[in-house]
Amino acid sequence: MMFGIVQSEIIKFKHTFSMKLILFAPFVTLLLGYFLSGSSIQYAAYNWWCTMIFLMFISIWCSDIIKKEKNTEFQNILCLPTDLGKIWIGKNIAIIIFLFVANFFMWIGCTVFGYFTTVNITPLNGIAGCIFLFLTSIWQVPFIMFLSDKIGYLPAILLSFAANVLLFSVGVGKTCFFLNLYAIPARIVCPFFGIYPNGLLLENDSPLWNTDCIIPAVIISLFLAILILAASTILFSRRKYYE
């Protein structure tokens with residue numbers, strides 16, 4: 001049942017701009033890194049991906065999947081015999097798959113470009129950084145989707161993207177960075193990409209090389225993702241009573 005729901009949600013994106021972004025976004029990031037940094041394309045591309053482009057498209061994908069339903073006043077799902085909670089979870093899984101695939105393409109592109117220019121970041125560090133970026137960003141999926149449902153497509157995109165840009169690097173160098181969910185991805189990718197959130201290279205003695213905080217940060221992010229998903233699922237499932 002859940003597999004069918006997820007498959008249906010993915011099919012809804014077929015031939016849409018949002019689906020093209022899964023490949024287009026990493027490609028544009030790589031070109032941007034190449035034109036701005038030349039042989040240091042990996043540093044530049046990963047930095048742009050983590051601090052700007054990936055965050056932008058999380059907002060777009062999450063808001064777009066809700067916009068498609070709001071355009072029909074949710075009639076496409078309200079008339080289904082399937083529990084609305086399961087449909088909500090299926091939508092979340094579909095977007096999470098998009099995020100994973102986009103990060104995979106980003107890693108492939110950076111690795112290939114690196115061998116044609118300069119390998120600044122090893123393939124192992126690259127895939128580790130992308131995976132941890134993905135894992136610590138999952139909580140945004142149900143949050144932005146719920147936000148889009150309540151305040152609309154464009155306001156949700158602008159608000160979530162602004163929050164990401166403004167809060168992404170706040171407290172990264174402090175031990176209390178766990179208190180800022182937006183800062184967790186910026187902190188735990190540092191030792192893998194070897195760069196600060198502002199794009200500068202880490203010094204050899206920088207405390208941001210420390211990897212001891214990674215597992216706790218991932219656990220916190222995933223735990224909160226589950227909580228947000230559970231809460232938003234309950235709220236969305238009640239739609240049938242007041243729509």
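**View 1. Axes of helices α3 and α6.** In this predicted model, the axes of helix α3 (residues 41-70) and α6 come within 12 Å and cross at roughly 15°. Because of this angle, α3 is roughly parallel to α6 (under 35 degrees; over 145 is roughly antiparallel, 65 to 115 roughly perpendicular and the rest oblique). The crossing of α3 and α6 is right-handed, that is, the near helix is turned clockwise from the far one by less than a right angle. Axes are lines fitted to C-alpha atoms, for helices over the stretch in contact, with angles from 0 to 180 degrees between N-to-C directions. Helices are DSSP runs (H or I, at least four residues) numbered from the N terminus.

**View 2. Contact of α3 with α6.** Tyr-46, Trp-49, Cys-50 and Phe-54 of α3 meet Gly-126, Cys-130 and Leu-133 of α6 (contact: heavy atoms within 4.5 Å). These residues comprise 6 nonpolar, 1 polar and no charged (nonpolar: Ala, Val, Leu, Ile, Met, Phe, Trp, Tyr, Cys and Pro; charged: Asp, Glu, Lys and Arg; polar: the others, Gly among them).

**View 3. Helices α5 and α6.** Helix α5 (residues 84-116) packs against helix α6 (residues 123-135) at an angle of about 160°, their axes 10 Å apart. The two helices are therefore roughly antiparallel. Ile-96, Leu-99, Phe-100, Asn-103, Trp-107, Thr-111 and Tyr-115 of α5 make the contact with Pro-123, Gly-126, Ile-127, Cys-130, Leu-133 and Phe-134 of α6. This contact has 10 nonpolar, 3 polar and no charged residues.

**Notes.** Residues are numbered from 1 along each chain as its sequence is written, and side-chain values use heavy atoms, with hydrogens and water left out. Local features need pLDDT of at least 70, side-chain atom pairs count only at pLDDT 80 or more, and totals for chains, interfaces and linings use all residues.
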